[in-house]
Amino acid sequence: MLKVKNLCKSYGNFKLDNVSFELPAGYIMGFIGKNGAGKTTTIKSILNFVTPDSGEIEILGKDSRKYETELKKEIGFSLEPISYYEKTKIKNIVNVYKRFFDTFDEKYYKELMARFNVDENKKVCELSAGMKTKLSLALALSHGAKLIILDEPTSGLDPVSRGELCDLFREVVESGDKSILFSTHITSDLDKCADYIIYIHDGRLVLKGTKDEIIDSHRV
């Protein structure tokens, strides 16, 4: 589903240094590391929001830059910080958003909004930080994306909502044709839903593998 090979990107004193990993179809990968470690730079490079200095990125077996327009239709993403027009009603924002995707599933979107208890008649400024996160996730999941990339998706959510979101992630990949990459600081979320874990520190991957392998190899 996703292959990153020898990804490098420099910003002043920071360097993303030869980051490589693969995410198979039907699995969830947790991406951990402290602030400034390189998680967001990696994610933005995958999405081609920043241009890497070197390295290769393949999505669904295709070069992510060469086939960017085609592949973007197969990607659902939510990045921090989440920004929408604050004085606009949610339903008006969604009416614009769904025009970009022929595969937008109105029924599934409504189900997610009801599940998240988000009222689309409200203005964005009336939503809490957690509700904005839920709105962003509903949009990311509503057009049948094969690869879902989420930057701190559980940020601002209470423990119950985080648990429900982890359950939803498992449901999304259950069919075997979708995968999720999400960054987080909350290790309990990894325990609930991650199949693979990658850990980045100062721009370098220092740990990667299945969750069970990592737990077994570090158990005292």
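A disulfide is a pair of cysteine sulfur atoms within 2.5 Å. The structure shown is a predicted model, and it holds 0 disulfides.

**Cysteines**

How far is the sulfur of Cys166 from the closest cysteine sulfur? The distance is 3.7 Å, and the partner is Cys193. Because a disulfide requires the two sulfur atoms to be within 2.5 Å, this pair is too far apart for a bond. Cys166 is buried, with a relative accessibility of 3%. Cys8 also counts as buried, its relative accessible area being 10%. Burial here refers to a relative accessible area under 20%.

**Charged patches on the surface**

Two groups of charged residues deserve attention. Where does positive charge gather? A patch of positive charge on the surface brings together Lys87, Lys89, Lys91 and Lys123. Of these residues, Lys87 is placed in the loop that runs between strand E6 (75-78) and helix H3 (90-97). Lys87 counts as exposed because its relative accessibility is 65%, and the cut-off for that class is over 50%.

One of its members, Glu56, belongs to strand E4, which covers residues 54-59. With a relative accessible area of 46%, Glu56 is partly exposed.

**Positive phi angles**

Which residues other than glycine have a positive phi? Asn6 has a positive phi of about 55°, and Asn18 has a phi near 50°. Asn6 is located in strand E1, residues 2-11, while Asn18 is located in strand E2, residues 14-23. Asn6 is partly exposed, at a relative accessible area of 35%, and Asn18 is partly exposed at 43%.

**Accessibility of selected residues**

The table gathers the accessibility values discussed above.

| Residue | Relative accessible area | Class |
|---|---|---|
| Cys166 | 3% | buried |
| Cys8 | 10% | buried |
| Asn6 | 35% | partly exposed |
| Asn18 | 43% | partly exposed |
| Glu56 | 46% | partly exposed |
| Lys87 | 65% | exposed |

Terms used:
Residues numbered from 1 in each chain as written. Predicted model: local features only at pLDDT ≥ 70, side-chain atom pairs only at ≥ 80, totals over all residues. Heavy atoms only, no water. Patch = residues over 30% accessible without salt bridge, like charges linked within 9 Å, V, L, I, M, F, W, Y side chains within 5 Å. Areas by Shrake-Rupley, 256 points an atom, 1.4 Å probe, with all protein chains shown as cover. Salt bridge = Lys/Arg side-chain N within 4 Å of Asp/Glu carboxyl O. Lys, Arg positive; Asp, Glu negative; His and termini not counted. Charge placed at Lys NZ, Arg CZ, Asp CG, Glu CD. Helix = DSSP H or I, 4+ residues; strand = E, 2+ residues; numbered from the N terminus. Buried < 20%, exposed > 50% of the residue type's maximum accessible area, 1.4 Å probe, protein only.
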